[in-house]
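Please read it alongside the sequence and the structure shown here.

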Amino acid sequence: MGPVFVIDFDSTIVTGETLEVVAETCLAGDPEREAKAQAVREITDRAMAGELDFGEALKARLELLAPTREAVDEATERLKGMITPSFARNRGFLEQNADRIWVISGGFHEVVEPVVAAFGIPPKQVLANRLAFNGDGRARGVEEANPLSRAGGKAEAVRNLGLKGEVVVIGDGWTDYEIRETGAAQRFHAFVENVRREKVIAAADHVAASFDEVLAREAPGPKFSYPRSKMRILLLENVHPAAIERFEREGYTVEAAKGALEGAELARRLKGVHVLGIRSKSQLDAEALAGADRLLAVGAFCIGTNQIDLRAASGRGVAVFNAPYANTRSVVELAVGLIVSLMRDVQRKSVALHEGRWDKSAEGARELRGKTLGIVGYGAIGSQLSILAEAMGMRVVFFDVGEKLTIGNAVRKRSLGEVLEEADVVSLHVDGRAENMNLIGAAELQRMRPGAALINLSRGHVVDIGAVAQALGSGRLAGAAFDVFPEEPASNAEPFDSPLRGLRNVILTPHIGGSTEEAQENIGEFVAERLLAFLHRGDTSHSVNLPNLQLSEVSGAHRFLHIHRNQPGVLAAINGAIAEHGLNILAQHLKTGEETGYVIVDVDHEYPREVIAALRGVPGTLKFRVLY
Ligand SMILES: NC(=O)c1ccc[n+]([C@@H]2O[C@H](COP(=O)([O-])OP(=O)(O)OC[C@H]3O[C@@H](n4cnc5c(N)ncnc54)[C@H](O)[C@@H]3O)[C@@H](O)[C@H]2O)c1
């Protein structure tokens with residue numbers, strides 16, 4: 001049995017102050033709303049910083065607000081939606097230990113009770129004021145016999161409980177610290193996930209950035225929450241802040257670095273790191289992976305994973321995730337812009353005007369409406385382009401080598417040739433498989449309608465550029481837009497050359513189809529989300545190197561995650577160990593890839609701990625983890 005927890009409610013269990021939320025609901029529609037709300041906030045801050053007597057502060061605020069029962073109920077509903085993330089994710093701990101948790105608040109029973117009931121904490125373990133409603137249905141004060149209505153009330157209320165054993169207080173305010181100061185508790189954790197008060201931090205025994213950190217210190221051992229504070233996450237190459245924020249919100253501490261790392265330096269920094277995030281520059285080879293003694297997962301915060309030795313990662317049971325579709329929309333939008341620009345000869349007209357020539361003419365300029373767009377490759381990008389093109393009044397025909405669901409009114413064609421023959425604009429969105437080399441060459445260009453336009457935002461090798469230059473020169477193609485090329489400069493410092501340079505009605509862009517701020521943010525969020533799902537649930541969906549398994553939250557169980565070499569006998573050995581120790585299996589999942597297998601077993605949390613060593617010792621084991 002661990003210590004008794006006395007947990008502050010306001011700005012600790014919930015992200016805001018009860019009184020401020022009550023103020024919002026009371027003042028809705030009041031013409032002096034802003035001024036009154038500000039006055040309430042100021043009084044709260046001064047009281048929390050220990051500058052104003054608590055009882056006086058409470059009285060002054062209630063007189064200003066005079067809440068009705070409806071306003072209090074409404075505030076309760078809002079606060080139910082404001083649970084602090086680290087408390088929400090440790091619901092299991094709170095429920096299992098509700099009998100030794102007390103919740104304390106300078107706010108009101110009427111609000112706090114229903115909010116913490118969701119964690120299984122009974123009303124008798126809530127210490128808070130009770131509102132005193134007048135005949136007019138409004139509360140202008142609280143029951144005065146309650147010590148919480150007075151200065152020093154929190155300490156007195158806890159003392160009155162006569163709690164036995166160790167008492168630990170968690171809170172963000174000075175009045176929470178007072179409980180410890182007056183001896184009613186042994187330790188005080190300043191809780192800073194929602195607000196930081198320097199005076200309180202200075203007085204605290206410990207500072208906790210999340211409830212996980214409190215638990216890691218106060219409730220260690222296999223039965224309690226995962227010690228996130230001990231996990232090391234290293235993000236290189238300026239990974240988007242959205243990813244860092246996502247990890248921090250889950251209670252992790254992130255080490256972030258601007259540049260890429262390679263070779264010995266990367267190997268050195270990887271020691272002790274559990275999760276590594278990189279973009280395209282850091283080369284993660286077998287040697288670097290060999291030295292990564294604690295590594296569980298790698299996030300490639302980009303589209304490709306060529307920079308990572310995926311086989312070596314699989315061979316160590318390290319999961320790798322990337323974000324293949326985070327920039328789909330960006331590519332689609334550029335395609336739409338290019339289609340419009342080509343049909344209106346925007347490029348040539350803009351250049352002429354830059355050179356001082358006014359060339360106003362409608363000749364050869366066409367609307368999209370009613371024209372046919374031919375999409376080759378109806379995957380993520382092709383199918384989304386189909387929707388936007390139809391919305392602009394285009395008719396869409398497409399060809400894909402795979403079975404694809406037709407979207408909207410698009411028409412599927414049985415061959416590439418049919419698409420080429422019908423389309424006014426052909427847009428290429430195929431993947432980079434080797435067979436797609438020169439998919440569009442002289443013969444295919446010959447099948448296109450005279451005066452049609454060609455767009456390639458997919459892969460450079462898909463089009464025979466020389467043949468396109470000829471078709472443009474002969475006037476068979478009216479225009480073309482290229483974002484990808486068979487040979488692209490490795491950096492901005494290198495020059496670019498192509499037979500397409502200088503040709504009429506040809507728009508060239510430097511492989512920027514997917515390069516937008518939004519795509520970067522999407523990548524940050526997507527990869528962080530995948531990494532968190534793997535850490536918290538063992539979920540490998542979208543992993544590029546481990547068998548993909550989508551898993552639900554661990555609930556009321558311990559989850560064994562076993563990643564192993566795909567070799568005969570592993571599953572039998574795992575099941576043998578489980579049977580031998582008499583474990584009660586609640587759920588089991590298995591997926592096997594070419595080289596690696598992944599077994600997940602949810603078991604009842606009462607089991608002999610020796611089974612863990614037995615499972616770790618199964619021949620072929622690459623990684624073994626327990627989640628609870
Ligand atoms: N320009 C950029 O910055 C940029 C950004 C993102 C993606 N891309 C590229 O765009 C392309 C499409 O990306 P996606 O996310 O839609 O990929 P995806 O895998 O979802 O779709 C590709 C589709 O092409 C089909 N396909 C392959 N070969 C074909 C062929 N010969 N004929 C007809 N269909 C064929 C596949 O069956 C698949 O449906 C990829 O090559 C990708 O690398 C470029």
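This is a predicted model: local features need pLDDT of at least 70, side-chain atom pairs count only at pLDDT 80 or more; totals for chains, interfaces and linings use all residues.

## Packing of H13 and H23

Helix H13, which covers residues 241-249, packs against helix H23, residues 517-537, at an angle of about 30°, and the two axes are 7 Å apart.

On the H13 side the contact is made by Ala242, Ala243, Arg246 and Phe247, while H23 contributes Glu521, Gly524, Glu525, Ala528, Glu529, Leu531 and Leu532. Sorted by class, the residues where H13 meets H23 are six nonpolar, one polar and four charged.

## H4 and its contact with H2

Helix H2 (residues 18-27) and helix H4 (residues 54-65) have axes that come within 10 Å of each other and cross at roughly 15°. That angle makes H2 roughly parallel to H4, and H2 passes H4 in a left-handed crossing.

In this contact, Leu19, Ala23, Cys26 and Leu27 of H2 meet Leu58, Arg61 and Leu65 of H4. By class, the contact of H2 with H4 has six nonpolar residues, no polar residues and one charged residue.

## H4 and its contact with H3

H4 also packs with helix H3 (residues 33-48), where the axes come within 10 Å and cross at roughly 170°. Because angles over 145 degrees count as roughly antiparallel, H3 and H4 are therefore roughly antiparallel to each other.

From H3, the residues that make the contact are Lys36, Ala39, Val40, Ile43, Thr44 and Ala47, and from H4 they are Ala57, Ala60, Arg61, Leu64 and Leu65. The residues of this contact between H3 and H4 divide into eight nonpolar, one polar and two charged. Arg61 and Leu65 of H4 are listed in the contact with H3, and Arg61 and Leu65 also take part in the contact with H2.

## Surroundings of the ligand

There are 27 residues around the ligand, and of these Ile381, Asp400, Val430, Asn436 and Arg459 come nearest. For Asn436, a polar side-chain atom lies 2.8 Å from a nitrogen atom of the ligand, and for Arg459, a polar side-chain atom lies 2.7 Å from an oxygen atom of the ligand.

How values were computed
Residues are numbered from 1 along each chain as its sequence is written. Side-chain values use heavy atoms; hydrogens and water are left out. Axes are lines fitted to C-alpha atoms, for helices over the stretch in contact, and angles run from 0 to 180 degrees between N-to-C directions. Helices (H or I, at least four residues) and strands (E, at least two) are DSSP runs, numbered from the N terminus. Contact means heavy atoms within 4.5 Å. Ala, Val, Leu, Ile, Met, Phe, Trp, Tyr, Cys and Pro count as nonpolar, Asp, Glu, Lys and Arg as charged, and the others, Gly among them, as polar. Angles under 35 degrees count as roughly parallel, over 145 as roughly antiparallel, 65 to 115 as roughly perpendicular and the rest as oblique. A crossing is left-handed if the near helix is turned anticlockwise from the far one by less than a right angle, and right-handed if clockwise. A residue is near a molecule or strand if one of its heavy atoms lies within 4 Å of it. A polar contact is a pair of N or O atoms within 3.5 Å; within protein, one must be able to donate a hydrogen and the other to accept it, and residues adjacent in sequence count only if both atoms are side-chain atoms.
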